[in-house]
Amino acid sequence: MAGILVYALHDGEGNFNKNALGAISKAAELGGELGGEAAALVVGDVADDACASLGNYGAAKVYRAKDVPEGLAPPIVDAMAKVIQDEGFGYALFGGGLLGFEIGAGLTARLSAGVTMEVTEVKVSDGKLVAERPILQDSQIADVGYVAEPGIIIGRLNAFDANETGGSAEVVDVDVELSPWSSKAKLIQRGEQRGADVNIEDAEILVGGGRGLGAADGFKLCEELAESMGGAVAATRAVVDAGWYPYAAQIGQTGKTVAPKLYLAAGISGAIQHKVGMQGSESILAINKDPNAPIFEFSDLGVVGDLHKIVPKLTEAIKARRG
Ligand SMILES: Cc1cc2nc3c(=O)[nH]c(=O)nc-3n(C[C@H](O)[C@H](O)[C@H](O)COP(=O)(O)OP(=O)(O)OC[C@H]3O[C@@H](n4cnc5c(N)ncnc54)[C@H](O)[C@@H]3O)c2cc1C
C-alpha cells in the first residue's frame with residue numbers, strides 16, 4: 001500500500017505540534033494523488049477525541065500506542081516500525097523538529113530504508129513520492145526519489161502548512177513490544193522553554209540578537225527594545241548553542257522561519273543559515289560594528305556601530321515618541 005504514516009508529536013495534554021499537523025495535511029494531499037491512505041501515529045495515553053481530531057487535518061486513521069512514552073526517540077522508533085511493517089505503509093513523514101530528526105534517523109536504520117532530511121516539498125511522480133531538498137547552502141533544490149519502500153521523509157521546520165478540512169479519524173490501538181535498548185533512557189522532565197510562550201512566527205516586529213550582544217545578559221537590550229515596539233525577541237543559532245537564549249526563539253535553517261513586518265538584527269553577521277529563516281521579512285534593519293558584515297547585503301537599512309550604544313538610545317527614543 002502506498003500509504004503515508006505521519007508521527008504526530010504532542011505536548012502530553014492533547015495538543016498536537018503545528019509541524020506534525022502540517023505533515024498530516026501534506027500526507028493527506030499526497031495520499032489522494034497516490035491512491036493511498038494518510039494516517040498518524042500517536043504515542044501515550046491520548047484521549048479518543050484528541051486522536052480523532054487529527055481527521056480534521058486529513059488523517060483517515062490514527063494508530064495509538066498507549067504504552068509508548070512521548071518525548072524519547074527509541075521507543076517511538078519501535079512503534080513507527082511496527083505500524084509501518086504490520087500495515088504496509090510505503091512512506092513515513094515527519095514534520096521537522098529535533099525529535100522528528102532523531103526518530104526518522106532511527107527508523108531509517110531499523111528498516112534499512114532510504115531517507116531524505118530537511119525536505120521543503122514533496123510531490124508525486126510516476127506513482128511514487130519525490131522529496132525536494134535544498135542543497136549547496138540552499139542555492140539549489142535536489143529531487144530525491146526512493147528505489148524501495150519504505151521511504152522516510154523528514155521535513156524542514158515549517159515546510160508544510162496545516163489545513164483544516166473537517167472530518168474525524170478512526171482510532172486504532174496498537175500494542176508495541178519495546179526493544180531492550182528502548183527503555184535504557186527515561187524522560188525526567190518536560191517543560192516550556194523561556195520565551196516559548198511568545199510565538200515569534202506570528203510577531204509583526206522581531207528584534208533578533210546575535211553573538212555581538214557579548215553575553216546572555218545582552219539580550220536584555222533586545223527585550224527592552226522589542227517591548228518598546230510591542231514586538232518579540234529572536235536569536236541566532238550561535239547564541240542558542242551558547243545557552244544565551246532558548247531554542248524556541250532560534251531563526252534559521254535549523255530554527256524557525258519568520259516573515260515579520262520589521263526584523264531588527266542586532267549583532268548578527270547574517271550567515272546563510274540565519275538568512276533563510278528571516279529573508280522574507282518586509283523590512284530588515286541591521287546594527288553591526290563591521291561594515292563588511294554579510295547582513296548588510298540584504299538589509300533595507302544598515303547602521304554601522306556598537307549596538308551597546310545604539311540599542312539603548314533607540315529604545316529610549318521609541319519610548320519617548322510613544323509617550
Ligand atoms: C548545518 C548548520 C545549520 C545552522 N543553522 C542555523 C540556524 O538555524 N540559525 C542561525 O542563526 N545559524 C545557524 N547556523 C550557524 C550560522 O552558520 C552562523 O554561525 C550563526 O548564524 C552566526 O550567529 P551570529 O550572527 O550570532 O554570530 P557571528 O557570526 O559571530 O556574528 C556576530 C556579529 O556581531 C557583530 N558584532 C560584534 N560585536 C558587536 C557590537 N558591539 N555591536 C554591533 N555588532 C557587533 C560582529 O561584527 C558579527 O558580525 C547553522 C550552521 C550550520 C553549519
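Here is a quick briefing on the structure above, from its overall build down to one glycine. Keep in mind that this is a predicted model: local features need pLDDT of at least 70, side-chain atom pairs count only at pLDDT 80 or more, and totals for chains, interfaces and linings use all residues. Residues are numbered from 1 along each chain as its sequence is written.

**Overall build**

- The chain has eight helices and 15 strands; these are DSSP runs numbered from the N terminus, with helices being H or I of at least four residues and strands being E of at least two.
- Its radius of gyration is 22 Å, close to the 20 Å that the globule rule gives for 323 residues, so the chain is as compact as a globular protein of that length. The radius is taken over C-alpha atoms, and the rule is 2.2 Å times the number of residues to the power 0.38.
- Along its principal axes, the C-alpha trace spans about 65 × 40 × 40 Å.
- Buried residues account for 44% of the 323 in the chain. Buried is when 20 or more other C-beta atoms lie within 10 Å of a residue's own, exposed is 12 or fewer, and partly exposed is in between, with C-beta atoms placed from the backbone.
- Take the contacts between residues at least 6 apart in sequence, and 66% of them join residues at least 24 apart. A contact here is two C-beta atoms, placed from the backbone, within 7 Å.

**Two domains**

- Domain 1 covers 4-183 and domain 2 covers 205-322, with bounds from an automatic or database domain assignment.
- Their centres, taken over C-alpha atoms, sit 34 Å apart.
- Where they meet, four residues of domain 1 are in contact with five residues of domain 2.
- The domain 1 side of that meeting point has one nonpolar, two polar and one charged residues. Nonpolar is Ala, Val, Leu, Ile, Met, Phe, Trp, Tyr, Cys and Pro, charged is Asp, Glu, Lys and Arg, and the others, Gly among them, are polar.

**Around the ligand**

- The shell has 28 residues, and Gly 210, Gly 212, Arg 237, Gly 252 and Ser 269 come nearest. To be near, a residue needs its C-beta atom, placed from the backbone, within 6 Å.
- By class, the shell splits into eight nonpolar, 15 polar and five charged residues.
- Helix 6 (237-241), helix 7 (272-278), strand 14 (283-288) and helix 8 (307-322) each supply at least two shell residues.

**A look at Gly 14**

- You'll find Gly 14 in the loop between strand 1 (4-7) and helix 1 (18-34).
- Gly 14 is partly exposed, with 14 other C-beta atoms within 10 Å.
- Leaving out residues up to four places away in sequence, Gly 14 touches Val 46, Ala 47 and Ala 50.
- Gly 14 and Val 46 are 32 residues apart along the chain, yet 6.1 Å separates their C-alpha atoms.
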